Amino acid sequence: MNKKELIENIKRKKSFLCVGLDTDIQKIPSHLLKEEDPVFAFNKAIIDATAAYCIAYKPNLAFYESNGTKGWASLEKTVEYIRTRYPDQFIIADAKRGDIGNTSAMYARTFFIEMDVDSLTVAPYMGEDSVTPFLNYDGKWVILLALTSNKGANDLQLTKDNEGERLFEKVLRLSQKWGNDENMMYVVGATQGRMFADIRNIVPDHFLLVPGIGAQGGSLEEVCRYGMNDTCGLIVNSSRAIIYADNTEEYAQRAGIEALAVQKEMERQLTIKGII
């Protein structure tokens with residue numbers, strides 16, 4: 001999916017919501033455990049209930065890898081289901097890969113050829129040759145970690161060099177020599193608030209993947225105030241607040257209700273900005 005298609009989808013659906021499929025077999029409703037593939041059964045119902053209100057899905061690879069080969073099978077079936085039933089959805093593999101060049105090339109082949117996702121989260125801290133192998137696929141996106149919401153972000157990302165440049169700012173500036181706003185996005189945590197303005201000063205036109213609204217406490221209104229550009233430029237993720245909103249047999253219906261509520265607030269923000 002290219003940038004124009006992504007923007008058009010945001011306008012058409014009046015949403016920039018990404019539903020995070022952080023599916024933990026220990027947290028899904030117990031009645032699903034009798035299914036042949038409980039994780040896929042859960043995901044399928046969540047996708048069916050939320051697809052009208054979101055523009056992207058983001059399976060977090062850790063939740064699938066923890067189940068071994070069964071987890072990979074669940075992931076593959078989930079991606080195939082989205083591709084087949086909801087082809088307008090942007091699929092993000094949240095894997096945070098990044099290694100020496102030949103290893104990154106194999107990761108890129110795994111996710112962009114074998115799994116056929118649209119995008120992959122990548123850690124940039126091994127430098128250019130660990131990132132550029134992911135940029136060799138037309139229509140595919142690298143989503144670089146820039147400024148995250150976790151406490152440990154202070155340990156590295158916010159440290160300053162002798163000129164006062166913070167490390168996340170160096171990542172933003174340097175990485176623009178590797179890719180562009182047609183194939184590269186950045187992860188910025190929703191709890192960063194006014195820091196979005198600093199980020200937009202460096203990357204005004206790039207999409208930002210923003211985790212952290214909902215269960216992590218990030219403010220959608222604040223993200224939009226400081227981070228939205230004139231084409232939206234945001235993909236805002238919510239995981240637990242949607243997929244685990246209910247633990248009964250009504251879990252999917254409740255997930256749909258929660259997704260709709262977020263979509264309506266996103267529609268309001270898009271209207272305020274004059275995008276729709």
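Select Tyr 137 first: with a relative accessible area of 23%, Tyr 137 is partly exposed, a class that lies between buried (under 20% relative accessible area) and exposed (over 50%), as computed with a 1.4 Å probe on protein chains only. This is a predicted model, in which local features need pLDDT of at least 70 and side-chain atom pairs count only at pLDDT 80 or more, while totals for chains, interfaces and linings use all residues. Residues are numbered from 1 along each chain as its sequence is written, and side-chain values use heavy atoms, with hydrogens and water left out.

Phe 112 and Tyr 137 form a tilted aromatic pair, 5.5 Å centre to centre and with 55 degrees between the planes; rings of Phe, Tyr and Trp (its six-membered ring) pair if their centres lie within 6.5 Å, and planes under 30 degrees apart count as stacked, over 60 as edge-to-face and the rest as tilted. The pair links distant parts of the chain, 25 residues apart, with Phe 112 in helix 5 and Tyr 137 in the loop between helix 6 (128–131) and strand 5 (141–147); helices (H or I, at least four residues) and strands (E, at least two) are DSSP runs, numbered from the N terminus.

Next, select Phe 40, Tyr 81 and Tyr 86, which form one aromatic cluster.

For the last stop, note that a search of the whole structure finds 7 aromatic pairs. Among them are Trp 72 and Phe 111, whose ring centres lie 6.5 Å apart with the planes at 40 degrees, so this pair is tilted.
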